[in-house]
Amino acid sequence: MTPREFLSVYEYDKRIIRGTYFPSQPLDIEKGDTVGVVLMNLGGPDTLEDVEPFLYNLFMDPAIIDIPLIGQTFIRDWLCKFIASRRSKFVREDYEMIGGGSPINRLTREQSKALSDHLNRHYGQAADVDFKTYIAMRYWKPFSEDAVREMKEDGVDKVVLLPLYPHYSKTTTGSSLVFWKALEEEGELPEYPTTTVFEYATNPKYIRALSERIDEGLQRFTPEEREEVHLLFSAHGTPLREMKERRDPYCCLVHSTVNQLMKYREHDYPFHTAFQSKVGPAKWLTPATPDKLEELAEEHDVKNVLVIPVAFVTDHVETSFELDIEVREEAEEFGIERYEVTSGLNSHPLFIEALAESTMAQLNYPIDVNTLRHGGDGAPTGQYPLQPLDKLPRYPQEERDVRCPNCDCVTEARCWTDDMQAAVGSVAPAQDETKTPANDA
C-alpha cells in the first residue's frame, strides 16, 4: 500500500490512541501452531540515496502529521515530496556522520533472530509450537507488506503484534497498528487471529537491561567524575496536544519507566527526564533535552552527564547522531565537561527476554509457560507469573513522582509484579549516601 493509498483510506478515530485496532486478549495456542511475532518499528534509510524516499514516507503519514489543511491526497503528496527533497540535503549529512545509513535495520534483524531463537528454545520445542519472527518497518524496508508475504509463505496460523516501542503512542505503535489494519481491510492481509502488546514500560527485564546499560555508561567516567554524574533520560518528544487533547499515554508511560528504574537503582544518582527531536512551531513535551542540559550546567554547575535514550531500543540517527554528536556539541558549549551517551538496548539478553515475556503473556499456551521460563539471566524461575497484560494492575498515580511540567496523569504503566527487586532476581546498586538525588523532569 503506497503512502497515497493509505492516506486515502485513513480516518482518525480513538482506536489509534487506545491501541484497539486488534484485540489485546490472549490467543488460544494449540500444539502444531505456527505463531508469527511481528516486530513493529520505525525503520531507516540503508543508504544515502534512501534518505529522501524515507522522509517522504514519514511526512505522508497522517498518524504523525494530521493537519486537515493538507489532508487532500494530491496536495499532501506534492508538499511532502517537496519537503522531503529539501530536507534530505541536510539529513543526508547526519547519516553520513554515522556511516552512510541507519543501523536500525541491521539491529532489528539481530533482535528478531535473537527473539526467535529464545522463543523456540524456551517455549516452542516443549509444546510443538513454531515461533517465527517478522519485521514490519513503518517507513522503510522491510515494510509491513514484506512481513505479510513471508507470513503467507511460512503458513502462519496466529499473530502477535509486538511493537519495538515500550511506551505506546499514537505516533509510533498507533501508526503501525492502523497501517496493519488498513492492509487487512483492503484485502492485502489475511484476517489472522491476532493479539496486540500495548506496552511493556515497566517489564522487570526491560528495567534491568536499562540499568545495566547505565552501569556500562558510568564506567566511562573516572571514579572522581562518577561521584558527580547526573543521569539524563532522553525520550523522543511528541506535540503537547497529543497528550492534552488526544490523551496519548506516551508521556506518562515514559515517566513510569524512569520512576521504576530509579526505584530499582535506589535513586543512586541525581536524575532528570527530557525530550528530544522537536520539529515545527507547535508546542512539544518539555523540557527539551538541550534546554535541560543548559539548565544543569548554568544553574546547577553540573559538569558530568550520562544520557540514557530511554524510549529507544535500537541505536539509530536520533541516538548515534542527534544525542552523541549534535547534542554533545551543545552540551560542551553550555559547560558540560564530560558528556556520555549509553548505547541502545539492541540485543541485550534481558531485553530479548522482556520481548519474549511480553509475547508469551498474550498466549493461552498448551503448557504452563511459567514452568518453561528458565531464567536466561540467572534469575530463579517464575518469580512473577506471566499474565495477560490487560489483567495486570496499573501502578497507583500517587506513587509516581516523575512527571512532566504539564502532566495530566493520562494513565499509568502496567505493574508486572508487586516486588520489583525480587522480580529482576538481583540486588539493586547500593545507595550512595553522599548524593542528594533529584527527580525533576
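What follows is a tour from the whole chain down to single residues.

**Before you click**

This is a predicted model, so take the ground rules along: local features need pLDDT of at least 70, side-chain atom pairs count only at pLDDT 80 or more, and totals for chains, interfaces and linings use all residues. Residues are numbered from 1 along each chain as its sequence is written, and side-chain values use heavy atoms, with hydrogens and water left out.

**Stop 1: the whole chain**

Show the C-alpha trace to begin. Along the principal axes, the C-alpha atoms fill a box of roughly 60 × 55 × 40 Å. The radius of gyration is 21 Å, which agrees with the value near 22 Å that a compact globule of 441 residues would have; the radius is taken over C-alpha atoms, and the globule rule is 2.2 Å times the number of residues to the power 0.38.

Switch to cartoon and you have 15 helices and 10 strands to look at. These are DSSP runs numbered from the N terminus, with helices being H or I of at least four residues and strands being E of at least two.

Now put a surface on. The accessible surface comes to about 17,900 Å², and 49% of that belongs to carbon and sulfur atoms (Shrake-Rupley method with a 1.4 Å probe; for residues, only the protein chains shown count as cover). Of the 441 residues, 59% are buried. Buried means under 20% relative accessible area, exposed means over 50%, and partly exposed is in between, with a 1.4 Å probe and protein chains only.

**Stop 2: an aromatic cluster**

Select Phe6, Tyr10 and Phe179, which ring pairs link into a cluster. Rings of Phe, Tyr and Trp (its six-membered ring) pair if their centres lie within 6.5 Å; planes under 30 degrees apart count as stacked, over 60 as edge-to-face and the rest as tilted. The count by this rule is 10 aromatic pairs. Phe6 and Tyr10 make a tilted one, 5.7 Å centre to centre with 55° between the planes. Phe6 also pairs with Phe179, this time edge-to-face, at 5.2 Å and 65°.

**Stop 3: charges over rings**

Next, select Lys181 and Phe22. The charged end of Lys181 sits over the Phe22 ring, 5.0 Å from its centre. The rule here is NZ of Lys or CZ of Arg within 6 Å of the ring centre and within 35 degrees of the ring normal. Then jump to Arg373, whose charged end sits over the ring of Tyr384 at 4.8 Å from the centre.

**Stop 4: Asn370**

Asn370 is in the loop between β10 (363–364) and α15 (420–423), and is buried, with a relative accessible area of 18%.

**Stop 5**

Which peptide bonds are cis? One joins Lys141 and Pro142, with omega about -5°, and Pro142 sits in the loop between β3 (130–137) and α6 (144–154). Another runs from Thr286 to Pro287, with omega near 0°; look for Pro287 in the loop between β7 (271–276) and α12 (289–300).

Stay with the loop between β7 and α12 to find Ser277. This non-glycine residue has a positive phi of about 70°, and is buried at 14% relative accessible area.

Finish at His267, in the loop between α11 (250–264) and β7. His267 is not a glycine either, yet its phi is positive, about 50°. With a relative accessible area of 26%, His267 is partly exposed.
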